[in-house]
Amino acid sequence: MAAEHPAQEPVRFWDYRDDYFDRRRAILERVDAVFASGRLILGSRVAAFEERFSAWCGARHGIGVNSGTDALFLALKALGIGAGDEVLTVANTAVPTVAAIRAAGAIPRFVDVEESTMLMDAQAVEEQLSPRSRVLLPVHLYGQAVEMAPLLELAGRHGLVILEDCAQAAGASYRGQRVGSFGAIGAFSFYPTKVLGGFGDGGMAVTSDEVLHEKLRRLRFYGMQGGYYAEEEGYNSRLDEVQAALLDLQLDGFADAVARRRRIAALYDDGLAGIDELVTPVIGRDRDHLYYLYTIRTVQRDRLQAHLAELGIETRINYPTPVHLMRGYACLGYCRGDLPVTERLAGEILSLPLYPALAQSSVLRVVAAIRAFFGA
Ligand SMILES: *Cc1c(COP(=O)(O)O)cnc(C)c1O
């Protein structure tokens with residue numbers, strides 16, 4: 001059957017190769033320059049990118065690390081968080097948010113999300129506060145900032161420290177201020193798929209606090225300040241020179257990449273308007289959206305996903321199981337029903353193909369396939 005009907009090119013969810021082939025020369029020149037420099041770890045390119053990226057975020061310092069998970073983990077260590085301390089976060093997130101909290105020895109306390117934006121709900125935080133609450137860890141999911149004003153107010157009132165998970169939203173802003181600069185520390189991932197993605201693993205913690213800055217710098221380098229002497233117990237978590245050199249190039253192209261993402265999102269918004277059974281992404285007040293993910297909602301999610309797959313259209317669910325219901329986190333003692341909005345959304349969300357180099361014709365094919373599914 002497949003041979004008789006040559007399938008159309010599949011529409012991939014994400015693919016970096018068109019972009020790579022477009023800019024191959026510039027990319028390989030950067031790699032070559034690092035290899036020829038004689039310095040592969042913690043050299044001038046990491047230092048320059050730390051400075052450029054943190055300034056771009058509106059923070060004074062940046063500390064390049066191995067991954068976004070490490071940025072979160074080291075941030076919690078730098079804040080002195082450990083056994084018995086509670087960290088308030090959401091269950092509609094990537095596992096690493098929670099893995100980092102556990103790695104630090106702390107206890108994640110999950111709060112429900114706001115239905116429209118699917119992001120942390122300040123009201124729900126208030127209900128989960130306990131005397132052991134120490135950190136508020138909002139996740140700027142899908143490329144959109146969490147509404148920060150009520151969280152900042154609440155944190156101030158209850159003496160909580162804010163650590164922002166910015167892994168999916170580098171460059172997103174709330175009231176004109178970029179994420180990562182609201183809390184004590186902002187944690188970023190440069191995993192290849194992210195809005196600012198490298199060509200391997202990488203991450204960064206940004207802060208404007210001098211003490212946290214020094215501490216983070218030591219923690220990522222065996223607790224050492226220089227010489228072979230640990231001032232405290234530390235770790236090894238470094239951004240390498242090649243990734244820093246390439247991320248610097250990616251930052252040059254960031255505005256263009258986001259403009260492309262927004263054009264694709266606008267095509268989806270227009271094309272999917274007026275379908276009663278489907279909700280397109282909602283932008284909360286005072287914010288912009290980078291469309292790291294274009295996540296729609298429909299109660300017919302599973303059937304729609306199967307229909308699209310049959311037509312060669314790849315989609316994802318971010319995320320199919322909220323973290324509090326995963327076997328790996330059963331130890332935290334949560335059950336179904338604890339986070340009603342998060343749990344319901346998990347059964348309805350579907351992320352459509354979206355990356356800067358995705359062709360308009362592919363986007364229109366996805367739109368047509370969805371409209372056909374709903375008979376619209
Ligand atoms: C990707 C991601 C992380 C972890 O980043 P890594 O670089 O993969 O360790 C953390 N939080 C969220 C919300 C993410 O999407």
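Select Glu-348: beyond its neighbours within four places in sequence, Glu-348 is in contact (heavy atoms within 4.5 Å) with Ile-296, Arg-297, Thr-298, Val-299 and Arg-301. The model is predicted, so local features need pLDDT of at least 70 and side-chain atom pairs count only at pLDDT 80 or more, while totals for chains, interfaces and linings use all residues. Residues are numbered from 1 along each chain as its sequence is written, and side-chain values use heavy atoms, with hydrogens and water left out.

Glu-348 sits in the loop between helix H12 (340–346) and strand E11 (349–352); helices (H or I, at least four residues) and strands (E, at least two) are DSSP runs numbered from the N terminus. With a relative accessible area of 12%, Glu-348 is buried (under 20%; exposed is over 50%, partly exposed in between, with a 1.4 Å probe and protein chains only).

Next, select Ile-370. Setting aside residues up to four places away in sequence, Ile-370 touches Leu-272, Ile-275, Leu-278, Leu-304, Leu-308 and Leu-352. Now show the largest nonpolar core, a set of 108 residues (buried Ala, Val, Leu, Ile, Met, Phe, Trp, Tyr and Cys joined through side-chain atoms within 4.5 Å). The members that touch the most others are Phe-49, Phe-53, Leu-136, Tyr-268, Leu-272, Leu-352 and Ile-370. Helix H4 (residues 68–78) gives the most to this core, seven residues. Another core, of eight residues, lies apart from it and includes Val-31, Val-34, Leu-246 and Leu-249.

Finish at Ile-41, in the loop between helix H2 (24–37) and helix H3 (44–57). Ile-41 is partly exposed, at 38% relative accessible area.
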